[in-house]
2 protein chains.
Amino acid sequence: MSARAGIVVTGTEVLTGRVTDRNGPWLAERLRELGVDLAFTAIVGDRPQDMEAALRFMAERGMDVVLTSGGLGPTADDLTAEVVGRFQGRPMVLDAALEERIAEILRPLMKRWPDLDMDAIRASNRKQAVIPDGATVLDPVGTAPGLVVPPAEPGGGPTVVVLPGPPRELQPMWSTAVETQALKAALTGATTYRQKTLRMFGIPESEIALTLREAESEGVDLDKLEVTTCLKRGEVEVVTRYEPDRQEVYEAFERVVKARHADTLFSDDGTTVDEQVASLLRGAGPPERSRPPLTVAVAESCTGGLLSARLTELPGSSDYFKGAIVAYSNDVKIAQAAVPPELIERHGAVSQEVAEALADGARTQLEADLGVGVTGVAGPGGGSEEKPVGLVWISVAGPGEERLTRSVNLPGGRFDVRDRATTVAMHLLRRALLAETPAAGLPHS
Amino acid sequence: MSARAGIVVTGTEVLTGRVTDRNGPWLAERLRELGVDLAFTAIVGDRPQDMEAALRFMAERGMDVVLTSGGLGPTADDLTAEVVGRFQGRPMVLDAALEERIAEILRPLMKRWPDLDMDAIRASNRKQAVIPDGATVLDPVGTAPGLVVPPAEPGGGPTVVVLPGPPRELQPMWSTAVETQALKAALTGATTYRQKTLRMFGIPESEIALTLREAESEGVDLDKLEVTTCLKRGEVEVVTRYEPDRQEVYEAFERVVKARHADTLFSDDGTTVDEQVASLLRGAGPPERSRPPLTVAVAESCTGGLLSARLTELPGSSDYFKGAIVAYSNDVKIAQAAVPPELIERHGAVSQEVAEALADGARTQLEADLGVGVTGVAGPGGGSEEKPVGLVWISVAGPGEERLTRSVNLPGGRFDVRDRATTVAMHLLRRALLAETPAAGLPHS
């Protein structure tokens, strides 16, 4: 029996969609690593009765632990500590040491904004030092302390971990929380599940439904595994969670998937295409096949910088990424990316010829081993019958004489077309690199 | 009394954080526009008992309407229609007309992937034509139909609107749903609230707490307004929701905020800095002050394409955005962005001088009226005592002889530093454009 957990994300700004919640997904990953089973995430506004109802729901559904994020700030709509205290049956008390600690943290802030009224700020932050009696304090990373608040009676419901809203404060404070006695006690008995991820590119999700049925007809007992499939940025992801003694059942299932999807399966070890491209650029491969690292450059139009931003997302990307030309106007395509003007004239800016010229231009102008060119119609305007919104041409030149070029018709609006086009480009880049690195230990070449 | 609604987002991939939910926030906005009060969003995995518990919670809390997203696909873990049918006390029936409709939709797909087993796919999609008896069908945009499912007994709980997971299917189907009799009946009696947004840049959130107290001491009855404040990508956002007959109370509150924050308030009409920059580039302003539109180009290093991607997010941005050089390596800074090598040698790549040279280079090399240069240390590596992780220099050159340059020390990890730096750059660009457009009708110049 693994421990069960719920997450309560608070904040009217999150509930109403004005702010994207990054804490729920991040905490979900951490719980999984601990072998804790996350059953619910609830998002509630800054209304105490709604927050309390969510806590009560979690308690009734038998959660061992509830994590809350947000509502610890200095303004009056920040109510979490008080609501949790009442819910756990613990009176609120001023923690004098904590008050002093917060005052210390505020001192440098005062210097940065010398015009502020220091006493008034301290008063507004004093509120943050009033906590439920008996709670374990998690030292603030910003100015807001976190809390681990067990129920007043042992066994009287879930232990509530109260964390601040800003991710850069929440994340280190969660690491502190897992080390506390109070949380450890609530989590005893968590079993560690195994989780495996298979990723495919270039097939519809319905194909996986067929594969699951085929696996069952071949005798794989899928009831012993928890398989979920989803479409994610144009890739199909199959995630399987299982108890360690069911390893063999998983392996039989994996064999069926690999046999049916050999040509589209690109990851069986949890790596993303971004990580694979990075490691291929760094020269990854078995020792006997090792080759020097390679560099890449981009000339992109409709994606407007997103492909470049994606290639620089991983730390250390300056090792292999030289730069990009975002060639939005035709002038820039010609002057910066060395696209011959007659190609644009003859074939239009969205064409195979211009995509290839952009790839060549990125490579030669930015002196990289590989160049990627992207041109397309992101919409909503600019489409025609011949070249509709969603048509994108992508080309990869190098590292040798080869060039890989393809066009796709991407569904969805401007956001989707731009986002999906970067995924297609990453996969094309991966293929170009694999062609250069035979038998590199990756699923297929 | 406004109608109350809840959202249930289903899918283990969303619950476990592997996929970011875009439907909850989008539906939240739509409910607000309809004057419906969103009280809860719940995220649940693909487990029928958990989905049912979430529905029951929504019913117990008195919701008039519950919207669900996801779980309508062809795979066995897609259970929403069945769970909702059982919850509403309606038996599941095969809708023959719907089955034919789905078969029609699948025909072109067959052509795209000619290797697929057509009968098997049709069987796996037949499941999608089995719906709760008495439900209103929303025509599929992809292959999954949506549903509006009232309770079996009138007044016997919320009406449930079942929508598919992919945003590009969900969004048009929601428009269809609001036109159905079944949903209209459930939403009768919704009052329209007003909502106003004030946005500030360059102050800590705690300052707003002081302003709220000051407003109260000046006699503004804040109990009559629902004010929420939040920090969002480095900006402070104050959103106020109120019933129409409280307009005067809101105006009094707004006057206090404007008086205290005249120098940092940049939006009082809901516009974002992105929209303001776009409209300033297009030459916005009162007729007597009108000036020709301007163009902008970017040379960015640590932000790796994100500033360019942000400037091209809005449709029609090709009217004013020429392009960008993502100058990640020093070679590219020198060769493409025309940064004098001795500046990098003397001051380092992260310096005021190089930021200014990048801004100049973007402007001259890409032939734009304004150039923006960004250079900084995004981390996690590459920081030093003198130039720590988070230090970013930003410069805007043009449209005249002027140049605006500033440095910031941004908190957080690589993601935050890169994201925040684009926000600072947008505000600097806005300032440069406002200096060019005196009395342009914007909050301050």
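**Close-up views of a two-chain predicted model**

**View 1. The contact between chain A and chain B.** The contact takes 87 residues from chain A and 87 residues from chain B, two residues being in contact if their C-beta atoms, placed from the backbone, lie within 7 Å. On the side of chain A that touches chain B, strand 2 (residues 37-44) of chain A gives the largest share, seven residues. Helices (H or I, at least four residues) and strands (E, at least two) are DSSP runs, numbered from the N terminus. By class, this side of chain A has 41 nonpolar, 27 polar and 19 charged residues; Ala, Val, Leu, Ile, Met, Phe, Trp, Tyr, Cys and Pro count as nonpolar, Asp, Glu, Lys and Arg as charged, and the others, Gly among them, as polar. The model is predicted: local features need pLDDT of at least 70 and side-chain atom pairs count only at pLDDT 80 or more, while totals for chains, interfaces and linings use all residues. Residues are numbered from 1 along each chain as its sequence is written, and chains are lettered from A and ligands numbered from 1 in the order in which they are written.

**View 2. Chain A and its domains.** Chain A is divided into domain 1 (4-187), domain 2 (194-267) and domain 3 (289-436), with bounds from an automatic or database domain assignment. The C-alpha centres of domain 1 and domain 2 of chain A lie 38 Å apart. Chain A holds 16 helices and 17 strands, and its C-alpha atoms fill a box of roughly 75 × 70 × 50 Å along the principal axes. Of its 445 residues, 49% count as buried; a residue is buried if 20 or more other C-beta atoms lie within 10 Å of its own, exposed if 12 or fewer, and partly exposed in between.

**View 3. Helix 2 of chain B against helix 7 of chain B.** Helix 2 (residues 23-33) and helix 7 (residues 167-178) of chain B pack at an angle of about 15°, with their axes 11 Å apart. Helix 2 of chain B is therefore roughly parallel to helix 7 of chain B; angles under 35 degrees count as roughly parallel, over 145 as roughly antiparallel, 65 to 115 as roughly perpendicular and the rest as oblique. Axes are lines fitted to C-alpha atoms, for helices over the stretch in contact, and angles run from 0 to 180 degrees between N-to-C directions. Asn23(B), Trp26(B), Leu27(B) and Arg30(B) of helix 2 meet Pro167(B), Leu170(B), Gln171(B) and Trp174(B) of helix 7. This contact has five nonpolar, two polar and one charged residues.

**View 4. Helix 4 of chain B.** Six of the eight residues of helix 4 (residues 80-87) of chain B are buried, so this helix is largely enclosed by the rest of the structure. The buried residues are Thr80(B), Ala81(B), Val83(B), Val84(B), Gly85(B) and Phe87(B). Just after helix 4 of chain B, Gly89(B) takes a positive phi of about 70°.

**View 5. The loop at Thr264(B).** Thr264(B) lies between helix 10 (247-260) and strand 12 (265-267) of chain B. With 17 C-beta neighbours inside 10 Å, Thr264(B) counts as partly exposed. Leaving aside neighbours within four places in sequence, Thr264(B) is in contact with Met200(B), Phe201(B), Gly202(B) and Ile203(B). The C-alpha atoms of Thr264(B) and Val236(B), 28 residues apart along the chain, are separated by 9.6 Å.
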